[in-house]
Amino acid sequence: MQPNEQAAPAATTDQEHRLIIAGFGGQGVLTIAKLLCTTAMSEGKNVTYLPSYGAEVRGGTANCQVVVSSGVIYSPLVEQADSLIILNQLSCDRFVVRLKPGGLLVLNSSAVALDDASQTGARQVLRLPAADTAARIGNVKVTNSVMLGAFVRASGLVAEEDCLAALREHWSRRRAEVIDPNVTAFRRGVELAAEA
Amino acid sequence: MDSEQPEGKVALVSGNEAAGEAAIRAGCRFYAGYPITPQNELTAYIADQLPLRGGVFIQAESELAAINMVFGASAAGTRAMTSSSSPGISLKQEGISYMVGCELPAVIINVQRAGPGLGNISPAQGDYYQATRGGGHGDYRCISLAPFSVQEVCDLTYLAFDLADAYRTPVILLADGMIGQMMEPVRFDHLPAPSPTPRPWALTGTPGRKRNVIKSLRLPPEELEAFNLKLQDVYATIEQREVRLEVTGPDDAEVLLAAYGTSARICRQIVERPLRQLPFKVALFRPITLWPFPTAKLAELAEKARGILVVEMSAGQMVDDVRMAVAGRCPIELLARMGGNIPSAAEITEKLITLFA
């Protein structure tokens with residue numbers, strides 16, 4: 001029995017992407033993770049989603065380890081990340097050392113300062129004023145959707161349209177006041193990454 | 001997770017939720033539990049779903065109350081379950097022992113956390129002895145199943161109800177915080193409709209039949225010993241028929257990793273997609289039933305192995321079963337992490353190289 005059997009059995013050519021998403025509780029860290037996972041699943045890939053749990057509260061720290069693969073996923077732990085999506089300073093300080101050389105670092109620059117990013121060895125450091133962008137859209141709660149859109153564009157991990165569909169589905173039981181700003185924020189994130 | 005999983009569809013579900021859904025699909029119609037991290041999503045899922053699907057959910061006033069409610073529901077002939085995490089499972093041991101004494105089926109899920117005492121809420125495997133050696137007082141064993149993926153949580157929870165019925169015994173599903181909290185794609189549509197065995201022994205009222213008595217008190221030593229022997233017969237049958245395991249990796253592996261649950265998941269990474277090339281071949285021996293332990297298969301593998309590295313999230317408990325099975329056929333080493341730490345693929349790799357390169 002394979003740990004997860006949605007996609008074909010493992011081959012050495014499997015494309016596997018390991019990432020950590022981290023921020024304050026309430027910033028939508030787990031929502032980013034879940035949307036990436038459901039999108040990847042809709043594209044026929046395997047996923048694991050491993051949240052920090054239990055002692056987390058609004059304002060505390062939250063993080064989620066996500067693995068997306070065209071093959072079987074064995075360890076769901078992200079010891080070395082292909083990508084980091086960081087929403088607050090505390091998480092930046094804690095997780096930046098886990099980025100693989102040549103990895104992708106996406107920072108919410110509204111809340112995170114990283115003076116010398118060259119030490120991370122990142123292939124790309126994307127500094128997005130995500131919280132400020134969300135505030136301009138009219139709801140700071142959609143900061144995570146800005147980050148998600150930017151990550152999807154910069155990483156190419158999943159298709160933008162698939163992710164947007166997953167985002168609409170995720171919020172489908174809410175009113176337009178919730179769905180629309182999230183869609184706008186996602187698109188703005190994509191644009192910001194494209195401009196970078 | 002949305003209320004009902006559409007047939008044929010893969011859903012992104014946590015281990016805790018998968019256990020709840022599989023239990024309901026297995027025909028569980030009574031659940032009592034008391035909250036504790038890291039298994040609360042299981043209780044919450046059952047609370048949401050079971051009443052809508054013909055069952056009874058009770059949030060009990062304590063773990064003791066919960067297990068004794070399950071005792072009662074099972075005595076009345078209902079497929080019943082409780083779940084908790086390590087400290088809560090300790091509290092349930094008296095009830096489990098009584099259910100064994102009464103030959104009552106039940107499913108008990110332990111989403112382990114680190115101990116002793118209140119410990120912490122992180123994943124651990126320190127309850128192996130408790131799960132495989134009976135756990136409560138008296139001379140008994142419980143079948144113990146150890147899933148290492150969310151899909152396996154689903155499949156083994158379903159199986160647990162059938163095994164509990166077949167042998168009239170409590171069955172333990174031994175997961176841990178990582179397996180409970182992790183989400184993975186899972187399907188449920190392959191699970192057949194439940195087929196609970198007839199329960200002529202159940203307390204259902206006595207229309208047209210002799211009165212049933214369910215009790216664990218057997219005062220005359222001869223009577224109790226006869227019952228003890230009957231249990232031992234059942235256990236011998238279980239040991240013969242219900243051993244489940246998985247071996248992955250090359251047939252001619254020189255070194256074996258032995259692990260279950262979360263630690264097996266990490267070991268599997270090393271076998272299937274190593275972080276770096278190892279100068280020897282490695283396979284993984286993974287018990288799925290912790291009791292009955294796959295003794296014969298491990299003894300066979302040990303004949304041709306240079307050595308075995310047991311990886312556990314405890315001070316080393318399963319390693320005792322490994323030693324008994326291997327009986328000196330090859331050296332046995334242990335990598336033990338405690339306190340809620342999960343051994344990393346990197347440290348297991350290092351240990352393998354230090355020991356066997």
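A network of salt bridges links Glu152(B), Glu246(B), Arg268(B), Glu272(B) and Arg286(B). The model is predicted, and over all chains it holds 30 salt bridges.

**Salt bridges in chain A**

- Arg18(A) and Glu16(A) meet through their side chains in a salt bridge, with an N to O distance of 2.9 Å. Arg18(A) is buried at a relative accessible area of 8%, whereas Glu16(A) is partly exposed at 23%.
- A salt bridge also joins Lys100(A) to Asp82(A), whose closest N and O atoms are 3.0 Å apart. This pair links distant parts of the chain, with Lys100(A) in strand 5 (residues 99–108) and Asp82(A) in strand 4 (residues 81–86) of chain A, 18 residues apart.
- Lys100(A) counts as partly exposed at 29% relative accessibility, while Asp82(A) counts as buried at 17%.

**A salt bridge between loops of chain B**

- The side chains of Asp252(B) and Lys281(B) form a salt bridge of 2.8 Å, N to O. Asp252(B) lies in the loop between strand 9 (245–248) and strand 10 (255–258), and Lys281(B) in the loop between helix 10 (261–272) and strand 11 (282–287) of chain B; the two are 29 residues apart.
- Both partners are partly exposed: Asp252(B) has a relative accessible area of 46%, and Lys281(B) has one of 39%.

- Strand 5 (residues 106–112) and strand 7 (residues 170–176) of chain B pair in the parallel sense over seven bridges. Within strand 7, Ala175(B) is the bridge partner of Val111(B).

- Pro38(B) lies in the loop between strand 2 (30–33) and helix 2 (40–49).
- Pro116(B) is in the loop between strand 5 and helix 6 (128–132).

**Positive phi in residues other than glycine**

- Glu103(B) has phi near 55° and lies in the loop between helix 5 (93–101) and strand 5 of chain B. Glu103(B) is buried, with a relative accessible area of 15%.
- Ala327(B) has phi of about 45° and is placed in the loop between helix 12 (318–326) and strand 14 (332–336) of chain B. Ala327(B) is exposed, with a relative accessible area of 54%.

How values were computed: Residues are numbered from 1 along each chain as its sequence is written. Chains are lettered from A and ligands numbered from 1 in the order in which they are written. This is a predicted model: local features need pLDDT of at least 70, side-chain atom pairs count only at pLDDT 80 or more; totals for chains, interfaces and linings use all residues. Side-chain values use heavy atoms; hydrogens and water are left out. Two strands pair if DSSP finds at least two bridges between them. Helices (H or I, at least four residues) and strands (E, at least two) are DSSP runs, numbered from the N terminus. Buried means under 20% relative accessible area, exposed over 50%, partly exposed in between (1.4 Å probe, protein chains only). A salt bridge is a side-chain nitrogen of Lys or Arg within 4 Å of a carboxyl oxygen of Asp or Glu.
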